[in-house]
Amino acid sequence: MAASTTGLCNAVITPTAACSITSNLSKSSRKVATSSNAGPLFHSLSSSFQNGRSGFLLQSNPSSNVAAAGEAVSVRAAVSVQPPKAKKTSQYELQTFTGWLLRKEQAGVIDSELTIVLNSIAVACKQIASLVQRAGISNLTGVQGATNVQGEDQKKLDVISNEVFSNCLRSSGRTGIIASEEEDTPVAVEESYSGNYVVVFDPLDGSSNIDAAVSTGSIFGIYRPTEECLANLDDDTQLGMVEQNCIVNVCQPGNNLLSAGYCMYSSSVILVLSVGDGVYGFTLDPMYGEFILTHEDIKIPKKGAIYSFNEGNYALWDDKLKKYIDSLKDPVPTGKPYSARYIGSLVGDFHRTMLYGGIYGYPADKKSKNGKLRLLYECAPMSYLAEQAGGKGSDGHRRVLDIEPEQVHQRVPLYVGSVEEVEKLEKYLAA
Ligand code: FDP
C-alpha cells in the first residue's frame with residue numbers, strides 16, 4: 001500500500017488501487033416454491049421466508065412424501081404473505097444471522113446499507129474461520145517475514161486475514177474507509193456505491209496463539225463518516241483533501257460507534273455483535289454454513305470472581321495496581337480468592353468475561369506507558385459491547401468510549417467486564 005505516514009489522525013495518504021471483487025452477497029429474491037418430500041429444501045425455504053425476502057411460500061401436502069413423476073403437486077397451504085414472526089414457532093426453526101439482520105432492519109434499528117456491511121463482515125469471518133481451522137494443514141502457520149507499523153511480526157494468517165476482511169468490505173460497496181491493525185494508515189475504498197461507512201478492524205487478534213491452535217478472533221467497529229467527508233467524496237478535484245478528511249473520520253471516539261463486534265475462532269466459531277440495542281451471539285453451524293442465533297441479549301453478570309491479566313508483568317506494574325491484584329487473591333471479608341484465567345487472546349478472554357463475569361485487564365506498565373491494546377479496533381469495540389451488555393469499559397480513570405483518538409494505532413490501558421469489578425479496580429487506582 002502506498003502510504004508513507006505514521007498513522008496520525010491528520011495524516012494524508014496516497015490512494016491505493018481499488019480491488020475489483022464481485023459481491024458475495026446474494027440479491028434478495030422472491031421465491032415461489034413447490035415441494036413435497038424435501039426436508040432440507042423445505043427447511044431452507046422456511047429460512048428464506050424467515051429472512052423476510054420471500055414473498056410467497058407454497059407448501060405441498062406435508063403428509064404426502066413423494067409426488068409421482070408427472071403428477072400435479074397438490075398445493076394446500078396456497079399462498080402465505082404473513083410478515084416474519086418475531087418468536088420461534090417450531091423447534092426446527094433457526095434464526096440465521098441474515099434473518100436477524102433483516103428483522104433489525106424492519107424494526108428500524110439499522111438501515112439496509114449497514115445490513116449489507118454486517119453481512120459482508122460475516123462472510124469474511126466465515127472465510128477466516130476456515131483458514132484458521134486449516135492453518136496447520138495448509139502451511140499457513142508461522143511468520144510472513146514482515147513487521148507491521150507497530151513493529152510486530154506479521155504472521156502469514158495476519159496478512160491473509162487482512163486481505164480477506166478488506167476484500168469483503170470492499171465488495172459490499174458500502175464501505176468508504178477501512179482502517180486495520182495490519183495497515184499503516186486508513187485506506188479509502190474507491191468503489192463504494194453508497195453508505196460510505198468507516199470500518200475499523202483487527203482481522204486476526206491474538207495471532208501469536210495461531211501456531212498452537214489456541215483461540216483467536218476478529219474485531220470490528222463501524223462508524224458513519226461525517227457529512228464533510230461524504231460531500232468531498234463526490235469531488236474528484238479535492239482528492240488529497242478527501243483522503244485527509246476521511247482519515248480524520250477514522251479517529252472517532254467509541255461513543256460514535258454504530259455497531260461493533262467480534263468473531264471468535266475457537267472450539268466453536270461465534271460471532272458476537274451489537275447494533276446499539278443489546279448484544280447478540282451467533283454460532284456458525286458447520287452443517288449449514290450459517291451463523292445461527294444462540295446467545296440472545298447477552299448480559300454481563302454484575303460481578304464475577306475471575307480476573308484475566310498477564311500477571312507475568314506484575315513487577316512492571318504501578319503499586320496501586322499490584323495492591324488491587326493482591327486484594328483479589330486474598331479478598332476481605334470473604335477470604336475466597338478470585339480465579340485467574342488468561343488465554344492471551346483478547347477475543348477469547350473477553351468472551352469468557354462477558355459470559356461468566358469478572359474483569360479483563362491490559363494495564364500500562366513501566367515498559368508500555370499506554371498498555372498494549374489499540375483504542376480504535378480493540379478497546380473501543382470491546383468497551384461498546386461491554387456497555388451494551390450492562391458492563392463497563394475503562395482505562396482505569398475514564399470511560400474508554402469517551403476517549404478521542406489522536407492516532408489510528410493509539411494504545412490505551414483497558415479494564416473491561418462486570419460493572420462492580422471494574423469500579424472496584426478504579427477505586428484502587430484512584431486511591
Ligand atoms: P497478539 O499479540 O497475539 O495479537 O493485542 C494483541 C494481543 O494478542 C491480544 O489479543 C492479547 O490479549 C494480547 O495481545 C496478549 O498480550 P500479552 O502476550 O502481552 O499478554
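**View 1. Ten helices and fifteen strands make up the secondary structure of the chain.** The model is predicted. The chain holds 10 helices and 15 strands. Of its 431 residues, 52% count as buried. Among contacts with a separation of 6 or more, 65% join residues 24 or more positions apart.

**View 2. Helix 2 crosses helix 3.** Helix 2 covers residues 97-106, and helix 3 covers residues 112-133. Their axes come within 10 Å. The crossing angle is roughly 165°. Angles over 145 degrees count as roughly antiparallel, so helix 2 is roughly antiparallel to helix 3. The crossing is right-handed.

**View 3. Residues from both helices form the contact of helix 2 with helix 3.** Helix 2 contributes F97, T98, L101, L102 and E105. Helix 3 contributes S112, T115, L118, N119 and A122. By class, the contact residues are five nonpolar, four polar and one charged. An α-helix has 3.6 residues a turn, so residues three or four places apart point the same way.

**View 4. Other elements cover the buried residues of helix 10.** The buried residues are V419, E421, V422, L425, E426 and L429. Their cover includes helix 7 (319-329). It also includes strand 13 (359-362), strand 14 (392-394) and strand 15 (414-417).

Key:
Residues numbered from 1 in each chain as written. Predicted model: local features only at pLDDT ≥ 70, side-chain atom pairs only at ≥ 80, totals over all residues. Heavy atoms only, no water. Axes fitted to C-alpha atoms, helices over the stretch in contact; angles between N-to-C directions. Helix = DSSP H or I, 4+ residues; strand = E, 2+ residues; numbered from the N terminus. Parallel < 35°, antiparallel > 145°, perpendicular 65-115°, else oblique. Left-handed = near helix turned anticlockwise from the far one by under 90°. Contact = heavy atoms within 4.5 Å. Nonpolar A, V, L, I, M, F, W, Y, C, P; charged D, E, K, R; others polar. Buried < 20%, exposed > 50% of the residue type's maximum accessible area, 1.4 Å probe, protein only.
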